[in-house]
Amino acid sequence: MAAAAVVSACDIDLSQVSGGGAKSNGGAVEVALLVPYGSATPGDDGLARALENAARMAAADLGGEKVNITVYKTAGQAGTAATAATNAVAAGADIILGPLRSDAANAAAVAVSGADINIISFSNNTSIAGGNLFVLGNTYDSIASRLMGYASAQGRNRVVVVYPNTPVGQIGRSAIVKATSGTNVQIVGDGSFEFSQEGIVAAVPKIAQTVKESGATALMMTSDSTGALPLLAQMLPEQGVSPSVTKYIGLTRWDVPAQTLSLAGLQGGWFALPDPAPVAKFKQRYSATHGASAHPLAGLAYDGVAAIGALASKKLAMTKGNLTQSSGFKGVNGVFRFKADGTNQRAMAIAQVTNNQVQIIDPAPKSFGFGGF
């Protein structure tokens, strides 16, 4: 895993090697890890511990004295996160990893905006990205881009988008529309619904009619298994939208929880997920090391330290120019890179639900520039 954990830093902008915490003298990069220890939200302490554990695993895999991690407790609060970020900068941090949620990440970034320090947050909310703030979480934009590119290649180029009338639903729809750029995919209809059982039941006949009248070859759904997905997967086929004719595609993970894979309406459907092989290796190592299962978000902390370590191994500063190198980095969730606007792009595999199981039908690319990018 150590060899697979960090990719060498290629295509580096050598004009950026000074400033912003350069370690040209060979010293360790000081990483401030902001995690929600002390939060009143159930489960946050456990998540904070998982993030710290994963970050320290990545630091150990780097070998030598490349990265030094100092933990700061945010209590899951934006104000506390801002104070922690300020304290970290005062203590000599070269870069901040975390915090978890978008409000806390935004507050931290604002608090240190004049300090020439970048923040790699665990959030996947692209609306906060930019300036000194990067988001590390898997974004709707990245997922939608992968899925729409694959749908285009497979001739599924007439898409109806099904989404709830909620802020998250609208964000998901916008990501899908944006992802059709550069493909031959057309959005041929909208299937919006009010986010309630009554709202879904009332909307399904109209959605089915839209699919039939538009000649859609694919149905792109933004909902997950804790939301409208189970009801949609049941009712849309009952209304004549056959999954064997119109490909069902999900913007969310259909293998979480695993019971979702048994929904009859999702059989044959597609969704995207990180490269399963390195994820499985990380989970095995984490369990063996810490005697517990890795939290689903723990790998983000490993990825963040992997990116920092790739630059540290070249004695390069944590500047925006270096963080956004086009070759990207490699972590436990596969290949990823940061974009200049603070968002990210991740290599994703395309999975199909086959006999209630995950079947990888198009592997995640191993590098940027080809094979899905």
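Partly exposed here means a relative accessible area between the buried limit of under 20% and the exposed limit of over 50%. All views show a predicted model.

**View 1. Arg 173 pairs with Asp 190 in a salt bridge.** The closest N and O atoms are 2.9 Å apart. Arg 173 belongs to helix 6 (residues 167-179) and Asp 190 to strand 7, so the bridge ties together parts 17 residues apart in sequence. Arg 173 is partly exposed, at 23% relative accessible area. Asp 190 is also partly exposed, at 33%.

**View 2. A salt bridge joins Asp 362 and Arg 146.** Their closest N and O atoms lie 2.8 Å apart. Asp 362 sits in strand 15 (residues 357-362) and Arg 146 in helix 5 (residues 140-153), 216 residues apart in sequence. Arg 146 is buried, with a relative accessible area of 9%. Asp 362 is partly exposed, at 24%.

**View 3. Arg 101 forms a salt bridge with Asp 44.** The closest N and O atoms are 2.8 Å apart. Arg 101 is in the loop between strand 3 (95-97) and helix 4; Asp 44 is in helix 2 (residues 44-62). Asp 44 is buried, at 3% relative accessibility. Arg 101 is partly exposed, at 34%.

**View 4. Helix 3 (residues 78-90) crosses helix 4 (residues 102-111) at roughly 35°.** The axes come within 8 Å. The crossing is right-handed. Contact residues include Ala 81 and Ala 85 of helix 3 and Ala 104 and Ala 108 of helix 4. The contact has 8 nonpolar, 1 polar and 1 charged residues.

**View 5. Helix 8 (residues 229-238) has buried residues, among them Leu 232 and Met 235.** Its buried residues pack against elements including helix 7 (197-214) and strand 9 (247-250). Gly 240 follows helix 8, with a positive phi near 95°.

Technical notes. Residues are numbered from 1 along each chain as its sequence is written. This is a predicted model: local features need pLDDT of at least 70, side-chain atom pairs count only at pLDDT 80 or more; totals for chains, interfaces and linings use all residues. Side-chain values use heavy atoms; hydrogens and water are left out. Axes are lines fitted to C-alpha atoms, for helices over the stretch in contact, and angles run from 0 to 180 degrees between N-to-C directions. Helices (H or I, at least four residues) and strands (E, at least two) are DSSP runs, numbered from the N terminus. A crossing is left-handed if the near helix is turned anticlockwise from the far one by less than a right angle, and right-handed if clockwise. Contact means heavy atoms within 4.5 Å. Ala, Val, Leu, Ile, Met, Phe, Trp, Tyr, Cys and Pro count as nonpolar, Asp, Glu, Lys and Arg as charged, and the others, Gly among them, as polar. Buried means under 20% relative accessible area, exposed over 50%, partly exposed in between (1.4 Å probe, protein chains only). A salt bridge is a side-chain nitrogen of Lys or Arg within 4 Å of a carboxyl oxygen of Asp or Glu.
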